[in-house]
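The entries follow in the order in which I made them.

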Amino acid sequence: MRALALALLCFPAMAEPSVVIHGLTHHTKPRPSGAEWHEVNPGIAGRWEQGELAYQAGIYRDSVGKGTVYALADYQPWSYEGLRYGGFLGAKYNGSAMPIAGFVAHRNKIGLRIFPAPKSKGIGFSLEFVF
């Protein structure tokens, strides 16, 4: 929780603050232990948007069931038919720190993230809803 509080304090006052509810992921490869991945990952985050940049920090249950805090920045310089897209970079912590990066796209109030999933040696997909 301290990491989340610190991340929130580091973000400048931004226009358009919003709340993000996320929790659906998909893994392209099976879990090495044979157990199923947790593909319902409930979580909540704060999001601050300013032009092509957005900052997001939150907490969620990760794909192995651990509580995880994260902070990231989106850069979405391109758009097509209402779809904004680009990349994201950040870090997460669930007992150990790990960098995260990948592709991000938003249309209206729905977002999609596609990222390398090192634990599964595959690709992760995450769906989020912005309010």
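In which strand does Ser-18 lie? I found Ser-18 in strand S1; strands (E, at least two residues) and helices (H or I, at least four) are DSSP runs, numbered from the N terminus.

Before going on, I noted that this is a predicted model, where local features need pLDDT of at least 70, side-chain atom pairs count only at pLDDT 80 or more, and totals for chains, interfaces and linings use all residues. Residues are numbered from 1 along each chain as its sequence is written, and side-chain values use heavy atoms, with hydrogens and water left out.

Entry on the whole protein. The order from the N terminus is α-β-β-β-β-β-β-β-β. Of the 131 residues, 37% are buried; buried means under 20% relative accessible area, exposed means over 50%, and partly exposed lies in between (1.4 Å probe, protein chains only).

Entry on Ser-18. Is Ser-18 buried or exposed? I put it down as buried, because its relative accessibility is 13%. I then looked up its contacts (heavy atoms within 4.5 Å). Leaving aside neighbours within four places in sequence, Ser-18 touches Ala-45, Gly-46, Arg-47, Val-130 and Phe-131.

Entry on Ile-21. This residue is also in S1. With a relative accessible area of 34%, Ile-21 is partly exposed.

Entry on the surface. Ile-21 belongs to a nonpolar patch together with Val-19, Leu-24, Val-40, Ile-44, Ile-110, Phe-129 and Phe-131. Patches take residues with over 30% relative accessible area and no salt bridge, joining like charges within 9 Å and nonpolar side chains (Val, Leu, Ile, Met, Phe, Trp, Tyr) within 5 Å. A salt bridge is a side-chain nitrogen of Lys or Arg within 4 Å of a carboxyl oxygen of Asp or Glu. I wrote down about 710 Å² of accessible area for the patch, by the Shrake-Rupley method with a 1.4 Å probe, where for residues only the protein chains shown count as cover. Strands S1 (17-27) and S2 (40-50) each supply at least two of its residues. S1 gives the most, with three.

Entry on His-106. This residue lies in strand S6 (residues 97-107). I counted His-106 as buried because its relative accessibility is 2%. Which side chains make polar contacts with that of His-106? I found Gln-76 at 2.9 Å and Glu-128 at 3.0 Å. A polar contact is a pair of N or O atoms within 3.5 Å; within protein, one must be able to donate a hydrogen and the other to accept it, and residues adjacent in sequence count only if both atoms are side-chain atoms.
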